[in-house]
Amino acid sequence: MAKNRFAGMTEHMKKAIGNSDLQVAKKNKNAVIEIDIKEIINPPFHDRYSVNTTSIKELAEDISLHGLINPITVRKTQDGKFQRISGYRRVEAFKLLNKKSIPAISIETNNDIEVLEIMFSENKHRENPSEYDIIIFHLEALAYIMNETEQNLKSIISQARKIEQGSLTTEDKDLLKKVDQIKELLGKTKSFSSINSFYQKMTNILALNQILISAIQDRTLYYTIAIELNKATKSNKSKNEIEEFLKKSIMKNYSLSEAKKAVKEFIKVENLDQIEERRVLLTRKIKKLLNEIKNCSVSEIERIENLVKSFGHL
């Protein structure tokens, strides 16, 4: 019989492990097994996009000194492999240490919502996921559960929020079932208060420039400030100018008020450039008109005179 590695844990160790693994452990007493790392496969839905390689190295050093405090969580697939539910960083740390196997808790479940809840809870306890990772996690999880493409899923979420708000009614049983699936996942992860709040953040996140997304993932930029800086991408400046502005803004570590001011200044400069360009074009047109005025009819001359009078200060 495998040794129960959770016996005799201190409160400090329990906090370090996180609630999700403890809940799994309680449901699966003495379920800790040693599995071949080569037999572990990643889940079919997102659980991490941004990974801090430095933290994995630090974890590997800690494991080499103190051992692995808590096993990873997996579930067995039909082909005999082990699908990882939690423990990506631990698996990578074991690979760095050239370990061939790793302790794991193998749970028996076909409930994807339960698996996603464990996965999300585990990531949230150990290394707070970025706002971008949270959105992508939910999108890919829902796409997997519903067997939908990303494009179709966005449309479904848009309809779901209207149904939630009461602005759309439907008797489409398939759509209503998907609305319930969205509500169930959001209820399990507790990341959003409603489908509408999820939709709003999803729309904002997916519209961000990749430079801002990378900064959010690297924890060098707050989501609210990224939304503000992204307004600069709507200007008519060149791609290089916009990207240079975003990079400098991230390096300056602006507060929200400073970001608003910087974007305003960036767009203001653009407006001045546009005015100057229009002024040059207008000057050319006036010169052309002056050259042609000698051939104008009386009525055309009167129209020009009235136009000039409207600019009394000239």
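A salt bridge is taken here as a side-chain nitrogen of Lys or Arg within 4 Å of a carboxyl oxygen of Asp or Glu. The views below show a predicted model.

View 1. The side chains of Asp174 and Lys178 meet in a salt bridge, 3.3 Å from N to O. Are Asp174 and Lys178 buried, partly exposed or exposed? Asp174 is partly exposed, because its relative accessible area is 44%. Lys178 counts as buried, because its relative accessibility is 9%.

View 2. The closest N and O atoms of Glu150 and Lys154 are 3.2 Å apart. Helix α7 covers residues 150-165. The two partners are four residues apart in this helix, so about one helical turn separates them. Glu150 has 49% relative accessibility and therefore counts as partly exposed. Lys154 is partly exposed too, at 24%.

**View 3. Lys201 and Glu131 link two helices.** Here the salt bridge runs between the side chains of Lys201 and Glu131, with 2.9 Å from N to O. Which helices hold the two partners? Lys201 lies in helix α9, residues 195-206, and Glu131 in helix α6. The pair therefore ties together parts that are 70 residues apart in sequence. Glu131 is partly exposed, with a relative accessible area of 29%. How many salt bridges does the rule give? The count comes to seven.

**View 4. The largest nonpolar core holds 58 residues.** Ile157, Ile182 and Leu229 have the most contacts inside this core. Which helix gives the core its largest share? Helix α6, residues 131-146, supplies that share with 10 residues. As background, nonpolar side chains tend to be buried together in soluble globular proteins.

**View 5. Leu229 and its contacts.** What does Leu229 touch, once residues up to four places away in sequence are set aside? Leu212 and Leu221 are among its contacts. Phe245, Leu246 and Ser249 are also touched by Leu229. Ala259 and Val263 complete the list. Leu229 is also one of the residues with the most contacts inside the largest core.

**View 6. Asp36 in strand β1.** Strand β1 spans residues 32-36 and contains Asp36. Asp36 counts as partly exposed, because its relative accessibility is 36%. A polar atom of the Asp36 side chain lies 2.9 Å from the backbone nitrogen of Lys38. Which residues does Asp36 contact beyond its neighbours within four places in sequence? They are Lys100 and Ser101. Asp36 and Lys100 are 64 residues apart in sequence. In space, their C-alpha atoms are 6.0 Å apart.

**View 7. Ser55 meets Arg89.** Ser55 is part of helix α3, residues 53-66. Its side chain makes a polar contact with the side chain of Arg89, at 3.5 Å. Is Ser55 buried or exposed? Ser55 is buried, because its relative accessible area is 12% and buried means under 20%.

**View 8. A nonpolar surface patch at Leu282, Ile286 and Leu290.** These three residues make a patch of about 300 Å². Leu290 lies in helix α13, residues 256-292. Leu290 counts as exposed, because its relative accessibility is 55% and exposed means over 50%.

**View 9. The whole protein, for context.** The secondary structure comprises 14 helices and five strands. Of the 314 residues in the protein, 40% are buried. The protein exposes about 19400 Å². Carbon and sulfur atoms supply 49% of that area. Among contacts between residues at least 6 apart in sequence, 73% join residues at least 24 apart.

Key
Residues numbered from 1 in each chain as written. Predicted model: local features only at pLDDT ≥ 70, side-chain atom pairs only at ≥ 80, totals over all residues. Heavy atoms only, no water. Patch = residues over 30% accessible without salt bridge, like charges linked within 9 Å, V, L, I, M, F, W, Y side chains within 5 Å. Areas by Shrake-Rupley, 256 points an atom, 1.4 Å probe, with all protein chains shown as cover. Buried < 20%, exposed > 50% of the residue type's maximum accessible area, 1.4 Å probe, protein only. Polar contact = N/O pair within 3.5 Å; in protein donor to acceptor, adjacent residues only side chain to side chain. Core = buried A, V, L, I, M, F, W, Y, C linked by side-chain atoms within 4.5 Å. Contact = heavy atoms within 4.5 Å.
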